[in-house]
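Dear colleague,

Here is the structure for your files. My notes on it follow below.

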Amino acid sequence: MEAKGIKKNTAIWILAVLVLFVLSIILGIIMRLNQGGAVHLEPGTFYADMTVHGITMIGIWFVAGMAGVNFIMERYVKTSYWANTFALVMTVIGVVMLWVSTLIGDFHAGWTFLYPLPFKIAWSAWATPMFLWALAVLGVGWLVWVLSLMAALLKKYSISQVFAWQHFRNKNPEVETPPFVLISMVSLLGVLTCLIAAVVLLVLLFAEYYSHGTFVNDALLIKNLTYFFGHTIANEMLYLGLAIIYELFPEISGRPKWKTTWYVAIAWNLTLFFVLLAFFHHLYMDFVQPQGLQIVGQLASYLASLPSAGVTVFSVIVAVYRTKIKWSLSNLLFFIGIAGWVIGGVGAVIDATISNNFLLHNTLWVPAHFHSYNAMGNVLFSLGFFHWFSVEYSKRKGQERLSSLKLSFLLLGGIGFLAAFYVAGAESIPRRYSSYPVEFTSAKLLATLGAVFATVYLIAILLFFSSIFKRCLNMVLQRS
Amino acid sequence: MQYALLLLFLVLAAVIALVFIIVYLSSAKSDDELKGMANPLQKRFWFLLILFVCLGIFAFITIPRSPYYLFAKEQPAKVVHVAAGQFFFTMSYKAINPDKPEGEMTIELPVNQLVEFRVTSLDVNHGFAIYSPSKQIVAQTQAMPGYVNVLRWKFKEPGTYTVHCLEYCGMAHQVMQTTFTVK
């Protein structure tokens with residue numbers, strides 16, 4: 001019953017993610033249209049839209065990765081249906097609270113809710129506690145889910161096995177740790193760490209809110225905690241997607257299963273460590289932060305991306321180069337997604353260099369690179385999984401139609417939309433502006449172009465949406 | 001400088017895209033015989049080593065150019081105190097009283113001489129980004145409540161510089177700006 005339950009839950013997660021994704025893209029397009037002058041929103045409405053767009057995108061692609069990892073983990077260990085369901089219920093409640101606090105309560109402190117802005121209330125007074133409690137609800141649901149998956153892995157594998165330490169020295173150890181298990185555990189531990197930081201952050205914010213100013217927080221400490229949580233969860237959701245690729249790419253391509261080798265084991269253990277220190281790059285422009293941490297931030301940003309990206313890219317290239325592959329929509333999405341992830345990573349490494357950040361910080365270069373590895377990376381990882389899952393387990397198999405059209409629209413829309421961001425970043429155009437001062441002469445044109453290409457991207461997503469949605473809905477509705 | 005970074009990014013992105021396209025085409029053309037890549041382990045080693053060395057060199061060159069070390073041993077010719085608030089900048093040659101922030105009507109700074117900005121916030125986090133007369137960022141720091149960030153810079157070009165807030169600070173964030181003159 002539980003395995004069937006996980007399958008049905010996975011279909012529900014996919015349906016929820018797709019619906020929220022389409023809505024959030026529309027909110028994003030509205031923002032770019034407003035910046036381009038084609039529509040007019042009040043600044044408060046724009047920033048509420050921006051807040052809900054950001055928090056929803058982070059949330060849905062995190063749970064998409066988690067749902068995929070949970071489903072595939074059933075191949076190796078028994079996972080908890082109840083933890084999965086609990087997370088689903090808490091996510092629904094949390095998302096409703098977030099949308100109510102922002103779109104009805106007009107809360108618009110941004111998805112990073114950088115202290116003390118949430119307490120400078122320029123919206124309905126109830127919206128600040130509702131937003132923070134929504135995060136608490138999501139945090140509890142996700143914490144339980146993460147802990148249950150970690151416990152499931154640790155029931156079968158010892159700590160050294162689950163992190164593949166036996167592969168460091170021994171070429172053929174008695175117990176082999178599958179790459180999927182290793183990368184899942186590395187990602188889950190990272191998620192657990194940043195969720196604990198989120199708990200500390202929320203406790204401190206609630207303490208100030210409910211003490212009515214008797215207790216006052218330190219802005220630098222809170223900023224560190226905020227980005228430790230925000231940056232790390234955004235990174236770990238990518239790694240959850242990669243865990244799925246390590247498992248499914250060779251399988252779908254008709255190639256032998258990938259194995260954990262000493263360098264794969266070392267690379268992912270290094271990533272586990274360095275990714276937790278990379279968030280310091282968000283504080284480069286806070287010159288009061290200890291300088292040693294700034295340098296650690298630059299080096300950790302390089303070192304977190306180098307081993308995992310290097311090993312993954314090379315694994316994919318070796319698997320494909322001059323090798324007959326059974327190409328399908330899923331592994332093509334994985335393949336293109338890896339390229340998008342790496343290209344976004346290059347944009348991120350450029351920005352994570354302190355002397356460059358001095359010129360690029362909080363310009364549109366920032367959304368340029370994170371949209372690259374999300375919209376053209378992580379989203380494609382998850383879409384590949386969604387497509388594979390919906391075809392593999394649905395009774396409505398049918399032939400996949402319009403694959404070339406879907407991919408062409410996705411590439412054209414994605415590249416055009418991102419190019420408008422990168423050029424704007426190089427032109428020093430600020431991010432998070434509801435409208436641009438006239439002296440930014442190219443800003444409106446670039447925003448309008450971004451909206452047009454984002455609409456092409458949306459059409460591609462809707463084409464994917466229709467086929468995957470029907471199959472998953474069918475799975476949810478069918479009697480077990 | 002920003003355009004040089006854009007060019008660097010575009011070149012690297014094009015190389016990555018080209019590699020993926022070549023690899024994909026090599027697979028699409030492949031017949032049933034599995035040829036694969038010769039000596040993948042050796043190539044992986046070199047690939048990672050080259051990446052590591054490139055990033056090492058990049059770090060070695062860029063870290064000393066971080067803003068924290070700029071003009072650190074020189075004495076500033078002018079000190080400007082900056083207090084940011086929703087949604088204004090107060091700038092003064094004298095220290096600013098946070099309870100009664102008052103600044104100069106106009107700020108004039110010397111060209112090619114060291115200027116030190118002491119930047120803080122009276123309420124939420126703000127950005128303090130200095131744009132050149134041609135609307136490119138030349139220098140920036142953050143304005144954080146309870147802290148003073150010290151930014152040192154030498155302006156090479158005379159003219160009117162604009163300061164924009166670059167940390168989202170609320171409803172009128174997009175109009176929060178001020179100007180000063182460099183002569």
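A helix crossing is called left-handed if the near helix is turned anticlockwise from the far one by less than a right angle, and right-handed if clockwise. The crossing of α2(A) and α12(A) is left-handed.

This is a predicted model, in which local features need pLDDT of at least 70 and side-chain atom pairs count only at pLDDT 80 or more, while totals for chains, interfaces and linings use all residues. Residues are numbered from 1 along each chain as its sequence is written, chains are lettered from A and ligands numbered from 1 in the order in which they are written, and side-chain values use heavy atoms, leaving out hydrogens and water.

In chain A, the axes of helix α2 (residues 43-73) and helix α12 (residues 365-392) come within 11 Å and cross at roughly 40°. α2(A) is therefore oblique to α12(A) (angles under 35 degrees count as roughly parallel, over 145 as roughly antiparallel, 65 to 115 as roughly perpendicular and the rest as oblique). Residues in contact (heavy atoms within 4.5 Å) include A:Trp61 and A:Phe71 of α2(A) and A:Phe385 and A:Trp388 of α12(A).

Chain B is divided into domain 1 (2-68) and domain 2 (73-182), with bounds from an automatic or database domain assignment. Their centres, taken over C-alpha atoms, are separated by 40 Å.

B:Phe180 touches, among others, B:Met91, B:Phe117, B:Phe155 and B:Tyr161, not counting residues up to four places away in sequence.

Regards

Note on methods: Axes are lines fitted to C-alpha atoms, for helices over the stretch in contact, and angles run from 0 to 180 degrees between N-to-C directions. Helices (H or I, at least four residues) and strands (E, at least two) are DSSP runs, numbered from the N terminus.
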